Amino acid sequence: MADKFISIRNVKFLLFEVFDVLSLSEHVYFSQHNQKMYNLVLDAALKLSTRLLHPIFEEMDRNPPELIAGQVKVHPAVAGIMKEFGQGGWISATFPAESNGEQLPSMVANACFMMFFAANYSASVYPGLTAGAARLIDSFGNEGLKKTYLGKMLSGKWQGTMALTEPQAGSSLTDIATTALPTADGFYKIRGRKTFISAGDHDGAENIVHLMLARIEGAPAGPRGISLFVVPKKRMNEDGNLVSNDITVSQIFHKMGYRGTPIAELSIGDKEDCRGYILGEPHRGLAYMFQMMNEERIGVGLGAASIASAAYYAAVHYCKQRSQGRRLADKDPASPQIAIIEHADIKRMLLFQRAVVEGSFSLLMQCCKYEDMTRVALPQETSRYRLLLELLTPVAKTYASEMGILSTSQSIQCFGGYGYCQDFPVEQHFRDMRIHPIHEGTTGIQAMDLLGRKVVMENGRAFALFLEEVQAAMYAARKFPALSPLVSQLDKAVKLLQDVTFQLVAISHKGPEVYLADATLYLEFFGIVTVAWQWLLQAVSVHKAQAGELSTAEADFYQGKIFTARYYFAYELPKISGLAQRLTDGNPMTVEMKSCFFSD
Ligand SMILES: Cc1cc2nc3c(=O)[nH]c(=O)nc-3n(C[C@H](O)[C@H](O)[C@H](O)COP(=O)(O)OP(=O)(O)OC[C@H]3O[C@@H](n4cnc5c(N)ncnc54)[C@H](O)[C@@H]3O)c2cc1C
């Protein structure tokens, strides 16, 4: 099937067999859900993706947004997408029932978004961002803000954004300069400039609601002086009509990919008439915003893995159709050519893509499970899941994003020259993929977060909990003798990770420059080991399933899983030894290198 962009079988394998989503129904909060209902939701998400999103995947790329007379015009389907996502309960999927939500587990809602992203990443960002922005208002807003904004956002009438970045404050949010002046009427006057704001303006929604970071005048410098505001494009006046709130779009950027969604530069309060409404307490904005940032980091990882999934299925389909060459042993030029999927090198590239796609999905579902558990676990256990989620968020975001680039690149490689041309979708997947290691915090920033903060937080408790999780997976795998080679390899890999981590932490006294110089390589190392753990978990579920009666299709699905797990351990996991060598050789080369040496 040429139009396949995701495997619903794999989605259900992860949800029901690996992560046992049904076990959540034992908790009161999720008790109204059952397998039948989850299947209905997942099947509906696939249908929506196939009917509404996938048909315009290419069209949105070829007709990117335009700024005309101060208004951003997007593909005409965006308005309908927002409406259907609102009416269908997809924006409010994880909201609690008392906020008119569906109260779905994060695992199930994000499994649906995996399908939406795979079908058409740009189109799915509009409702996805709105959900994250609305959740901030739901978590920290007062009743007035909830009343004004939540209904309109959850119904898809109003677009939500996250408005953090400024020209001088990209990775360094501490340098945010947008100001907020308190008034006697309770609102703040906002002035400043924001840049790169996804869906920051468009004609597919009646209003745009920016969740914006700004500094209250006189606030202390640094992160503790930043507050969070709801700043609408149009505010409601006293008689309930929407009027302009003094935000103008100074430009939209022309991007290499992800071209169906505009990223806007906004001038705010040029006429001193932009009103912002504070969310929560003053000066705590960055801490509140981390709720949305962490959620969006998982979302970025899911987006990346989903795009890689669509490229992988395009490649599998092509490799089955395309005939070229003969078996190496066949020297007869008159014999028919064979499909390229029969060549070992093509199978290697496809295995690599599948290993990245399904390994990433698994790790991201693991994170979603931790998030669900923070909601329902006993109070004494909540911190366990919170710490694990915090530790693994930069890993899951980055593994899926960085490896997703390599994976979509290999999809193009499978197509040969045709993959480089617009006749096939993989060149677009490659372009759409490239943003993921950049937005929601670059890979460099995620790496410093992991090594500089997460690994050492609470005296290394999160790291210790992670090691416990891996040990538990190895314990479960030991019951299946066929898995023992994978168990012993993972055991050695985890010991090496521990060893490298201890050695690095031991040199932290040399100062952060030296300690964090190769943080990105450490993150890469951590990601490879973490995904090996996920492949072992999947292999355990496969072995459990293989104990029963299976149809041919099911038997093939599980065999494919086992081969991919074996591929991962044979080809990917060994890459850590080179990284370990570099990370422990104690030579701070990049710190010693001087910028002037980069001249001629
Ligand atoms: C398509 C797109 C969509 C976006 N959507 C949004 C959005 O919706 N809302 C929003 O607020 N922002 C958004 N952004 C902004 C995005 O989050 C930033 O581009 C990103 O955080 C990086 O900031 P920057 O571009 O200023 O790069 P810089 O911060 O200048 O970084 C450039 C390079 O320097 C490295 N670097 C920076 N600081 C350090 C350091 N201290 N140590 C080591 N290395 C460092 C970085 O890792 C990177 O490799 C979007 C951007 C794009 C391109």
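The model is predicted. Its domain assignment gives domain 1 (1-284) and domain 2 (292-310 + 327-584). The centres of domain 1 and domain 2, taken over C-alpha atoms, are 27 Å apart.

**Contact between the domains**

- Domain 1 puts 34 residues into the contact, and domain 2 puts in 34 residues.
- On the side of domain 1 that touches domain 2, at least two residues each come from helix 1 (8-18), helix 3 (57-62), helix 5 (106-119) and helix 6 (121-140).
- Helix 5 gives the most to that side of domain 1, with 7 residues.
- Sorted by class, the side of domain 1 that touches domain 2 holds 21 nonpolar, 8 polar and 5 charged residues.

**The largest nonpolar core**

- The largest nonpolar core has 189 residues. Those with the most contacts inside it are Cys112, Phe229, Leu364, Ala532 and Leu536.
- Helix 8 (residues 285-321) is the element that gives the most to this core, with 19 residues.
- The core lies between domain 1 (1-284) and domain 2 (292-310 + 327-584), because both give residues to it.
- Leaving aside neighbours within four places in sequence, Leu364 is in contact with Ile298, Gly301, Leu302, Ala305, Ala396 and Ala400.

**The shell around the ligand**

- The ligand is surrounded by 20 residues, and the closest are Leu164, Gly170, Ser171, Ser198 and Gly444.
- Strand 3 (158-163), strand 5 (188-198) and helix 12 (443-454) are the elements that give two or more residues to this shell.
- By class, the shell around the ligand consists of 10 nonpolar, 9 polar and 1 charged residues.
- Both domains take part: the shell draws at least three residues from each of domain 1 (1-284) and domain 2 (292-310 + 327-584).

**Helix 18**

- Ile576, Leu579 and Leu583 are buried in helix 18 (residues 576-584). They are on the same side of helix 18, because they cover an arc of only 60 degrees around the axis.
- An α-helix has 3.6 residues a turn, so residues three or four places apart point the same way.
- Helix 14 (484-506) and helix 16 (519-546) are among what covers the buried residues of helix 18.
- Gly578 and Gln581 are exposed, and they sit on the face of helix 18 turned away from its buried side.

**Residues in loops**

- Gly101 lies in the loop between helix 4 (77-87) and helix 5. Gly101 counts as buried because it has 21 C-beta neighbours inside 10 Å, and the cut-off for buried is 20 or more.
- Leaving aside neighbours within four places in sequence, Gly101 is in contact with Ser92, Ala93, Thr94, Phe95 and Pro96.
- Gly101 and Gly151 are 50 residues apart in sequence, and their C-alpha atoms are 10 Å apart in space.
- Glu272 is found in the loop between strand 11 (263-268) and strand 12 (275-278). Although Glu272 is not a glycine, it has a positive phi of about 60 degrees.
- Glu272 is exposed, because it has 10 other C-beta atoms within 10 Å and the cut-off for exposed is 12 or fewer.
- Glu440 lies in the loop between helix 11 (426-433) and helix 12. Glu440 has a positive phi of about 60 degrees, although it is not a glycine.
- Glu440 is buried, with 24 other C-beta atoms within 10 Å.

Note on methods: Residues are numbered from 1 along each chain as its sequence is written. This is a predicted model: local features need pLDDT of at least 70, side-chain atom pairs count only at pLDDT 80 or more; totals for chains, interfaces and linings use all residues. Helices (H or I, at least four residues) and strands (E, at least two) are DSSP runs, numbered from the N terminus. The arc is that of the directions from the helix axis to the C-beta atoms. Two residues are in contact if their C-beta atoms, placed from the backbone, lie within 7 Å. A residue is near a molecule or strand if its C-beta atom, placed from the backbone, lies within 6 Å of it. Ala, Val, Leu, Ile, Met, Phe, Trp, Tyr, Cys and Pro count as nonpolar, Asp, Glu, Lys and Arg as charged, and the others, Gly among them, as polar. Domain bounds come from an automatic or database domain assignment. A nonpolar core is a set of buried Ala, Val, Leu, Ile, Met, Phe, Trp, Tyr and Cys residues joined through C-beta atoms within 7 Å.
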